[in-house]
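Load the model in your viewer and get ready to pick residues by chain and number. Each stop below says what to select and what to look for there.

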Amino acid sequence: MVFVVVLAPLVVALALLVVAPGRRAEALSVASSLAVLAGGIALAAATVHGRVVHALGGVIRVDALSAVMVIVIGTVASLATSAMGRTLVVTADPASRRRAREYGVLVQVFVAAMLGAVLVANLGVVWVMVEATTIATTFLVGHERSRRAIEASWKYAVLCSVGIALAFLGLVLLYFASAHAGAGPRAATLDWSGLRALAPHLDPKVTRLAVGLIVLGFGTKVGLAPLQSWLPDAHSQAPAPVSALMSGVLLTVALYAILRVRTIADAALGVGFVRTLLVVLGLASLGVAAVMVIVQRDLKRLLAYSSIEHMGLIALATAAGTPLAIAAALLHVIGHGLVKSVLFLGAGEVHHAESTTTIAGIRALLRRRAALGGVLAAGLVALAGLPPFSLFASEIAMFRAEFSVGLGWAAGLALGLLVVIAAGLLRAGRQMLLGPGEPAPERTPRRAIAPLVAALVVCAVLGLVAWPLASLLHAAAGVLS
Amino acid sequence: MTGLAGAVIDLAAVAVLVIGVAGLWRRDLRALVGLLRIQGIALALVAASTAATQHDVGLGVTAVLVVVVKAGVVPTLLGRVARSDPGARESAPFINVPSSLVLAAALVGLAVVVGAPLHALAPGRAAALAPLGLATVLTGYLLLVTRRRALSQVVGLLVIDNGVALMTFLLTAGVPLIVELGGSLDVLLVVVVLRALLGTMRARLGNVALDELRELHD
């Protein structure tokens, strides 16, 4: 089963090298994403009671946490690939066809790299896969080949590679510490479970240095402030489906690495060190997001800063670190993945229809394009953390968990910033959605709207009933405690 | 550690840092790429000598990989870009050369302080050299943030990577081979991607310095 999951995007990537861009290529892309989603559900069923699935001689190690991440990747990828045909203009020009092909292949490679990151046992290989996502997405960010797109993709590739180099240095130090943990140099390991077993014997000084570097390094890729400067550029310049994948799931794949390392660090150093680090990064992210959301004039950049906000919230919950906090954070990862993909894809449709994404340039969408406007309205309400969507439930649960470990002050600050951000989002929504207008002659096709509505419905249902996810999320949180 | 191999490791490890600092000094882009090639060779020498003293086959493979990727393919790829650029000089770094050399000296000091726990945990000759790797990493960062040319930034990124690699050879005789292979492939692909991006940049925008790319802001 694991192989189906990992191989689906790789096989389709190879197939897309020969299949001409068009309907058939799109169908293949969607099929691959749906296979990943199905595989994720099967893995969840296999791991929900605490079993760990190994494959490829121990290279692959799947527990409930990995399964949750595979499901998120599959879901967001299904949404994103279903919209790929809408944003891709293929003309008879060979250059345009070549780029369309490159686009399809790279999206599949990107998805495969994310899957690799959450399915492998060795933290060094996790690192390799996360860096591979940067490589695959650099061209996707620059797909438009405009001056701005090129600027964004250069910044993205250099800053993320440099940031993540820090994480590799940290992993090397962790490996070094494991070689001197009293079990002899042969026990040196970067396997997550091996490191966890050795954790109480790791040298605290070296481990502190290592974990600090790892959190900052992967934190760059998560987009945590003050390491976020690449994010709004990359997420706003990329084509909509790529933005959806990057914002909706790539950020949390990088966060997944931090979640794993936190368990080792807590056993070696006590909970204080990573907690302090993540509280600082989390609050800084919320602060940056609050300021930038208020002054924002572009819809896609607004959504990008909102991603920084939500990563900040998840970082705070990770800082709290109790099983309830982690379960809530994972529910937030799922909810954010759904809603942010819907909004980026919606923004793509807006761009398609109105040829702009500036907030001032979009008017009276609810009147002029009722379906698209409705999707955006519901998405913004969800993103602002209002009921009935699951982000509301997960935010409440995360704040409660933070209070329970004495981080009430941080939760209070975060809540204040959240109100500011929600006000900014809703104000932007009002500007774009409300007002008088006549229905536009051409409508957004139902085929483009239906997946977005479905995702919003799922998000609302998850907000009302945690079933069937509750046991899986608790199993995943249990893996980390 | 036998005498000769130990001496080679000492010398080569020092060379990696010195070449990194020399990168701060040179503004000719072709010279910068040349330095990168020599740094790759020095790095491979550290790996090969360590492999010989510890009879470590995996590390021997890694040493070959380092020669091929870091002293061979990568500098060759970047060298072509540098040669095709008529004004292949760093226009004016954000910090002038003497100041950046002084800063580099301060960074070396910082590396020694930060690296102290490493030596404390594993008293021995190799771990004592580890601050050289840290200092190389910091030098790479300095190169990256003070230069305006895209190519210099790529060199900075690779100097950082070489510094990290030096740490792995000195501290743990390399990381597991699967990680080493994946990491080398990543480095190679990053260079390929950035080089292609450089090509697009030049084709579309001409020879701009990076600080002229300022369209994206809030």
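**Where the chains meet**

Start by selecting the contact between the two chains: chain B contributes 37 residues and chain A 41 residues, where two residues are in contact if their C-beta atoms, placed from the backbone, lie within 7 Å. Now keep the chain B side and colour α4 (97-121), α5 (125-146), α6 (150-172) and α7 (177-205), each of which supplies at least two residues to the side that touches chain A. Helix α7(B) gives the most to that side, with 14 residues. By class, the chain B side has 26 nonpolar, six polar and five charged residues; Ala, Val, Leu, Ile, Met, Phe, Trp, Tyr, Cys and Pro count as nonpolar, Asp, Glu, Lys and Arg as charged, and the others, Gly among them, as polar.

A word on conventions: this is a predicted model, in which local features need pLDDT of at least 70 and side-chain atom pairs count only at pLDDT 80 or more, while totals for chains, interfaces and linings use all residues. Residues are numbered from 1 along each chain as its sequence is written, with chains lettered from A and ligands numbered from 1 in the order in which they are written. Helices (H or I, at least four residues) and strands (E, at least two) are DSSP runs, numbered from the N terminus.

**A helix inside chain A**

Next, select residues 147-179 of chain A: this is helix α7(A), with 33 residues and a reach of 48 Å from its first C-alpha to its last, close to the 48 Å expected at 1.5 Å a residue (the expected span is 1.5 Å times one less than the number of residues). Of its 33 residues, 31 are buried, so α7(A) is largely enclosed by the rest of the structure. Buried means that 20 or more other C-beta atoms lie within 10 Å of a residue's own, exposed means 12 or fewer, and partly exposed is in between, with C-beta atoms placed from the backbone.

Show the largest nonpolar core, which has 285 residues; Val68(A), Met114(A) and Val172(A) are among those with the most contacts inside it. Helix α7(A) gives the most to this core, with 24 residues. A nonpolar core is a set of buried Ala, Val, Leu, Ile, Met, Phe, Trp, Tyr and Cys residues joined through C-beta atoms within 7 Å. Zoom in on Val172(A) and you will find that the residues it touches include Val164(B), Met167(B) and Leu171(B).

Go to His336(A), in helix α14 (residues 323-354). His336(A) counts as buried, with 30 C-beta neighbours inside 10 Å. Beyond neighbours within four places in sequence, His336(A) is in contact with His310(A) and Leu391(A).

Then visit two cis peptide bonds. One runs from Ala225(A) to Pro226(A), with omega near 5 degrees, and Pro226(A) lies in the loop between α9 (204-222) and α10 (231-237). Another joins Pro387(A) and Pro388(A), with omega about 10 degrees; look for Pro388(A) in the loop between α16 (370-383) and α17 (390-404).

Finish with His55(B), in the loop between α2 and α3 of chain B. Its phi is near 50 degrees, a positive value in a residue other than glycine. His55(B) counts as exposed, with 8 C-beta neighbours inside 10 Å.
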